[in-house]
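Trainee: I would like to learn how to read pockets and metal sites. Could you walk me through this one?

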Amino acid sequence: RVWSGGGRSRQSDQHRRIGRERADLGRIPESTIHEIRNRADIVSLVSRYVELKQAGRNWKGLCPFHNEKTPSFNVNSDRQIFHCFGCQEGGDVIGFLMKHEGLSFPEATRTLAGELGIDIPDEVDGTDAGLSARIFEANQLAQELYREALRTPEGKIARDYLIARGFDGAAADEFGIGFAPARWDAVASRLAKHRIKGAVGAEAGLLAERKSGKGHYDRLRGRLTFPIEDVRGRVIGFGGRALEADQEPKYLNTPESPVFHKRQAFYGYPAALEPIRRAGRVILCEGYFDRIAFARAGMGEALATCGTALTAEHGAQLRRRTREVVLVFDGDQ
Ligand code: ZN
């Protein structure tokens with residue numbers, strides 16, 4: 001294999017747009033909410049999570065909100081609503097996303113708006129746009145930098161490594177793989193250029209504070225990078241793999257942050273959501289490359305834990321999505 005293709009935004013611009021979205025704080029105009037409700041299609045949204053069969057003018061499936069063997073979950077395409085006769089859950093397209101993904105109203109609204117290409121202006125009232133929003137922005141900037149760096153002369157070491165593992169540029173793009181330059185200030189100066197404070201980069205886990213207390217430096221250096229995203233496609237953290245034999249540790253992740261909770265995070269979102277639903281199962285593995293290998297072999301339903309043990313929080317999340325979990329962990333103790 002040679003390094004060919006690539007350079008294009010992976011999956012779709014949609015995820016990138018969602019990732020770059022700034023704040024959930026600004027108020028969303030009524031007219032925009034109305035437009036979302038008009039343009040979103042509840043049948044296709046619900047179909048991402050529930051296998052629906054047409055029954056007259058309705059669609060039916062097994063309720064994702066309670067445990068059942070015969071379908072009592074109905075989706076009405078004309079009225080754009082869902083209702084479960086078993087547990088009485090019901091609502092519209094925004095309500096479904098809120099309940100299923102545990103999102104707030106503005107989060108669900110902005111997610112749908114992003115997918116529909118509806119712009120929601122940030123109504124930032126001159127004050128801070130919220131720490132989480134700035135962390136997401138910092139992570140997105142780092143992701144763009146890492147992906148660019150993979151194509152620069154200094155990224156050759158990473159490209160050579162990927163080629164040896166059977167990747168070309170297009171495959172690297174598909175999974176958002178990048179390269180953290182072997183410098184102390186690549187991310188730090190990119191953030192500064194976009195007027196994001198070093199302290200925010202440190203909160204995001206991208207930067208660490210210098211011992212002198214003056215300034216910050218890049219945490220991931222000279223490593224292959226994997227973006228860890230939430231179900232909405234926002235980058236919450238990064239995994240970094242060593243590229244030189246003497247580089248320790250082999251894997252270094254960005255630390256916990258206000259948006260990165262390792263006890264809940266999976267690597268593989270949001271790409272795995274639809275394959276999980278279609279396959280009716282999750283394949284759970286340990287590493288970034290494992291997850292990618294499954295996806296490249298046609299098993300997109302694989303997720304990986306992010307450098308932690310499998311937790312009860314992970315289990316609760318999987319339980320909402322599927323009833324079959326195949327564990328493919330490493331063979332160690
Ligand atoms: Zn139900």
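This is a predicted model: local features need pLDDT of at least 70, side-chain atom pairs count only at pLDDT 80 or more; totals for chains, interfaces and linings use all residues.

Trainee: How many residues line the second largest pocket, and which lie nearest its centre?

Mentor: The lining has 23 residues, and Tyr49, Val50, Leu62, Arg321 and Arg323 are the ones nearest the centre. Two or more residues each come from β2 (58–61), α11 (273–279) and α13 (312–321). The volume of this pocket is about 510 Å³. Sorted by class, its lining holds 9 charged, 8 nonpolar and 6 polar residues.

Trainee: Now the metal: which residues coordinate the zinc ion?

Mentor: Cys63 (SG), His66 (ND1), Cys84 (SG) and Cys87 (SG) do, at 2.1 to 2.3 Å. Along the chain, these donors are spaced as C-x2-H-x17-C-x2-C.

Trainee: What geometry does the site of the zinc ion have?

Mentor: Start from the ideal: four tetrahedral donors have angles of 109.5 degrees at a metal. In this model, the angles among the 4 donor atoms are 103 to 118 degrees, and the zinc site is tetrahedral.

Trainee: Is cysteine 63 buried or exposed?

Mentor: Cysteine 63 counts as buried because its relative accessibility is 1%, and buried means under 20%. Histidine 66 has 21% relative accessibility, so it counts as partly exposed.

Note on methods
Residues are numbered from 1 along each chain as its sequence is written. Side-chain values use heavy atoms; hydrogens and water are left out. Donors are N, O and S atoms within 2.8 Å of the metal (3.2 Å for Na, K and Ca); water is not among the atoms, so sites may look incomplete. Four donors count as tetrahedral if all angles lie between 85 and 135 degrees; four count as square planar and six as octahedral if opposite donors are over 155 degrees apart and all others between 65 and 115; anything else is irregular. Buried means under 20% relative accessible area, exposed over 50%, partly exposed in between (1.4 Å probe, protein chains only). On a 1 Å grid over the protein atoms alone, a cavity is a set of points where a 1.4 Å probe fits but cannot get out, and a pocket is an open set with protein on both sides within 12 Å along at least five of seven lines; lining residues have an atom within 4 Å of a point. Grid points are joined across faces, edges and corners, and a volume is the space filled by probe spheres set on the points. Helices (H or I, at least four residues) and strands (E, at least two) are DSSP runs, numbered from the N terminus. Ala, Val, Leu, Ile, Met, Phe, Trp, Tyr, Cys and Pro count as nonpolar, Asp, Glu, Lys and Arg as charged, and the others, Gly among them, as polar.
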